[in-house]
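Take a walk through this model, from overall fold to individual side chains. Cut-offs are given as each term comes up.

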Amino acid sequence: TMRNVAMAAVIILLLSPHAVLMPGFQMSFAAVAALVACYDVVSRRKDARPRKRHYGGVRGGIIRFVRRDLLGLALTSLVAGLATALFAAYHFYRIAPFGLLANVLAMPLVTFAVMPLALLSTLLMPFGLEGGVLTMMAIPLQSVVSIAEIVTGMQPSGGTGALSGPVLLFGTMALVFLTVMRTGLKLLAVPFIIMAAISAKLLDRPDMIIAEGARQVGLFTQSNQMILLRPNADRFTTGIWKMAYAA
């Protein structure tokens with residue numbers, strides 16, 4: 001329930017208040033809250049509908065697999081992807097246009113191969129017997145990586161550029177109303193969505209940006225060129241910055 005999501009957030013913030021600013025915290029709770037809200041609606045609508053005919057045998061198994069597993073996986077990927085898109089764009093300056101396709105292809109491997117093997121290896125670790133299981137787990141993991149590489153090569157870059165703080169604030173408020181409210185009060189999200197769209201035009205380029213832990217520092221010249229104080233340090237962060245400000 002949404003109450004459980006709130007309790008988990010409160011516990012984390014009591015232990016690590018700074019986590020609220022971290023991409024992992026924001027994206028995880030956005031995805032979970034959206035999924036809880038979505039499946040609450042799906043469950044209530046399903047209970048309100050009359051019972052459908054139950055199919056048995058192979059035909060019934062295929063129908064249940066398509067409805068429950070494939071469509072459920074697609075819905076889960078779509079909802080989670082939409083819920084986290086704002087935070088991905090704000091922190092990493094890009095979204096994944098074909099993320100749904102990648103998830104649909106990769107999640108069966110993760111669900112039926114990677115996660116069971118990961119659990120088994122964890123149980124065997126106290127006895128020092130996890131090596132063979134981890135070697136087996138590498139095979140489906142490599143397949144997941146291959147799927148990601150193929151889909152990445154198919155899709156456009158997904159670069160959004162840097163977003164302003166108000167976009168994140170208004171977008172988050174819209175998500176809160178969409179997920180927490182169970183009545184027509186969900187419509188209160190619309191003004192925040194509009195304000196987020198307007199705020200996207202109000203971005204001011206900073207004079208300086210500093211990576212977490214000061215691993216990298218970037219300065220901007222008057223001609224909008226980025227100067228890195230440590231050119232060879234933290235190339236991942238540097239690449240994100242260049243994507244954000246087209247430097």
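Predicted model: local features only at pLDDT ≥ 70, side-chain atom pairs only at ≥ 80, totals over all residues.

Residues are numbered from 1 along each chain as its sequence is written, and side-chain values use heavy atoms, with hydrogens and water left out.

Start with the fold. The protein chain has eight helices and three strands. Helices (H or I, at least four residues) and strands (E, at least two) are DSSP runs, numbered from the N terminus. Along the sequence the pattern reads α-α-α-α-α-α-α-β-β-β-α. The C-alpha atoms fill a box of roughly 70 × 55 × 40 Å along the principal axes. Of the 247 residues, 29% are buried. Buried means under 20% relative accessible area, exposed over 50%, and partly exposed in between (1.4 Å probe, protein chains only).

Next, the interior. A nonpolar core is a set of buried Ala, Val, Leu, Ile, Met, Phe, Trp, Tyr and Cys residues joined through side-chain atoms within 4.5 Å. The largest has 13 residues, and V79, F87 and L175 touch the most other members. Helix 2 (23–48), helix 3 and helix 6 (165–180) each give two or more residues to this core. Setting aside neighbours within four places in sequence, V79 is in contact (heavy atoms within 4.5 Å) with A34, L35 and C38. A second, separate core of 11 residues includes Y93, A162, L228 and I240.

Now the rings. Phe, Tyr and Trp (its six-membered ring) pair if their centres lie within 6.5 Å; planes under 30 degrees apart count as stacked, over 60 as edge-to-face and the rest as tilted. By this rule there are two aromatic pairs. F25 and F29 form a tilted pair, 4.6 Å centre to centre with 40° between the planes. They are separated by about one helical turn because they sit four residues apart in helix 2. Both F25 and F29 are buried. F177 and F192 form a stacked pair, at 5.5 Å and 20°. F177 lies in helix 6 and F192 in helix 7 (residues 189–199), so this pair ties together parts 15 residues apart in sequence. F177 is buried, with a relative accessible area of 15%.

Finally, the surface. V58, I62, F65, V66, L70 and L71 form a nonpolar surface patch. V58 lies in helix 3 (residues 57–92). V58 counts as exposed because its relative accessibility is 67%.

Technical notes
Patch = residues over 30% accessible without salt bridge, like charges linked within 9 Å, V, L, I, M, F, W, Y side chains within 5 Å. Areas by Shrake-Rupley, 256 points an atom, 1.4 Å probe, with all protein chains shown as cover. Salt bridge = Lys/Arg side-chain N within 4 Å of Asp/Glu carboxyl O.
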